[in-house]
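Please look through the sequence and the model below, and then follow the account that comes after them.

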Amino acid sequence: MPTLYCADEYGYTEQIRIMFAETGIKYEEKIVKPAEVEKMKEEGKLIFNKLPVLEWDGFFLCEPAAIMEHVAVMADATNAGRGNSYLGTNEEERSYSRALVTAANELRRQMYEQFLAGPTQDKPGFLSKTLPAWLKQLNRLAVTTEANDFGLGPSVSYTFGDVAMFEALVQLHSQVGPEVLADYRELREYYEKCAARPRFRMYLDNRPERAGAR
């Protein structure tokens, strides 16, 4: 069984939890306390000295984007998508999925800079300029998503990139409020279509509160 080592926060780890929920793959989660970090470093488990880290059959992997793709690989190997490919049906979709994960994590980073106290905080600027620019671009991608498509933009499959972007929008809802997508009809419809996925709904309705700020 895979093991996910992480901090007790949503942060960059929550997309991985939701990916596991979507694929139906069972895993064990181990919350790493600050005092345990040094021990993990000494044991060689904390790659690049940061969390989250995924252990799967003795293989250790860090970086959320890489972990998301690896879970997609393992899910597709067992047809966990029930006809859907989490990697995409071709290399173009897979590459596009990687781009979505990168973009989703960059959106998270910029959001955390503004909603967590720090020297770079400029919440009014973020809400009036930076965030609308993000949402306009994402809405353009959502416009190209047809009714029978599952993926954001040109992708037809519902990929690991879609899971990452959906979870970033969930955090955006939490930080800014549900009205954040009010002016972006197609993106809002994409978000609602994602939120209606049964395993997402079940996970989000039952997920525990986290102690961390993110």
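Which side chain is joined to that of Gln171 by a polar contact? In this predicted model, the partner is Glu167, whose side chain lies at 2.9 Å from that of Gln171 in the polar contact. Gln171 itself belongs to helix α6, which spans residues 160–176.

When the neighbours within four places in sequence are set aside, the residues in contact with Gln171 are Tyr10, Gly11 and Glu14, together with Arg108, Met111 and Tyr112.

Helix α6 also meets helix α7, which is formed by residues 185–195, and the axes of these two helices come within 10 Å while crossing at roughly 105°. Because angles of 65 to 115 degrees count as roughly perpendicular, α6 is described as roughly perpendicular to α7. On the α6 side, the residues that take part in this meeting are Asp162, Phe166, Leu169, Val170 and His173, and on the α7 side they are Leu187, Tyr190, Tyr191, Cys194 and Ala195.

Four strands make up an open sheet with mixed pairing, and their order is β2-β1-β3-β4. The edge positions are taken by β2 (28–31) and β4 (59–62), and each of these has a single partner strand, so that one side of each remains without a neighbour in the sheet. On average, and with direction ignored, neighbouring strands of this sheet are turned by 20° against each other.

Strand β1, residues 3–6, can be followed through its pairings. With strand β3, residues 53–56, β1 pairs in the antiparallel sense over three bridges, whereas β1 and β2 run parallel and are joined by four bridges.

Helix α1, made of residues 14–23, lies across β1, β2 and β3, and α1 runs at about 160° to β1.

Key
Residues are numbered from 1 along each chain as its sequence is written. This is a predicted model: local features need pLDDT of at least 70, side-chain atom pairs count only at pLDDT 80 or more; totals for chains, interfaces and linings use all residues. Side-chain values use heavy atoms; hydrogens and water are left out. A polar contact is a pair of N or O atoms within 3.5 Å; within protein, one must be able to donate a hydrogen and the other to accept it, and residues adjacent in sequence count only if both atoms are side-chain atoms. Contact means heavy atoms within 4.5 Å. Axes are lines fitted to C-alpha atoms, for helices over the stretch in contact, and angles run from 0 to 180 degrees between N-to-C directions. Angles under 35 degrees count as roughly parallel, over 145 as roughly antiparallel, 65 to 115 as roughly perpendicular and the rest as oblique. Two strands pair if DSSP finds at least two bridges between them.
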